Amino acid sequence: MENKKKITNNFKFKGDFVFGKKNYIMMGIGLAVIALGFTLMAGGGSDDPNVFNPEIYSFRRIRLAPTLVLIGFGIEVYAILLNPDSSENSKK
């Protein structure tokens, strides 16, 4: 007969999230800015492929929308790198 050992872990699971509340709020703001940028980028095409619509080259689609998307990605990076404990420890 084989001698099987029962393996027990003394690990206690903490139900904490990876990020703090500030991080998730900033991530939500970043996602909203990205979604706004992609929404502003949409449209401007023509239903008829033989007709050119110059609206596709508007300021909103060429400059504003990509800038908002990049700002949103910057906010996401900031939200990931944000340390939520630093401001809580300074208050105590």
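Q: In this predicted model, in which helix is Glu76 found?
A: Glu76 belongs to helix H2, which covers residues 59-81.

Q: What makes Glu76 a buried residue without a salt bridge?
A: Buried means a relative accessible area under 20%, and Glu76 is in that class. A salt bridge requires a side-chain nitrogen of Lys or Arg within 4 Å of a carboxyl oxygen of Asp or Glu. The nearest side chain of opposite charge, Lys22, is 17 Å away, and therefore Glu76 has no salt bridge.

Q: Which residues does Glu76 touch, not counting those up to four places away in sequence?
A: Glu76 touches Met26, Met27, Gly30, Leu31 and Ile34.

Q: How do you know that Glu55 and Arg61 meet in a salt bridge?
A: The N to O value for their side chains is 3.4 Å. The cut-off is within 4 Å, so the pair qualifies as a salt bridge. By this rule the count comes to 1 salt bridge.

Q: Are Glu55 and Arg61 buried or partly exposed?
A: Arg61 has 9% relative accessibility and so counts as buried, the limit being under 20%. Glu55, at 39%, counts as partly exposed, because that class lies between 20% and 50%.

Q: Which residues make the nonpolar surface patch?
A: Phe52, Ile56, Tyr57 and Ile62 make this patch of about 450 Å².

Definitions and conventions: Residues numbered from 1 in each chain as written. Predicted model: local features only at pLDDT ≥ 70, side-chain atom pairs only at ≥ 80, totals over all residues. Heavy atoms only, no water. Helix = DSSP H or I, 4+ residues; strand = E, 2+ residues; numbered from the N terminus. Buried < 20%, exposed > 50% of the residue type's maximum accessible area, 1.4 Å probe, protein only. Lys, Arg positive; Asp, Glu negative; His and termini not counted. Contact = heavy atoms within 4.5 Å. Patch = residues over 30% accessible without salt bridge, like charges linked within 9 Å, V, L, I, M, F, W, Y side chains within 5 Å. Areas by Shrake-Rupley, 256 points an atom, 1.4 Å probe, with all protein chains shown as cover.
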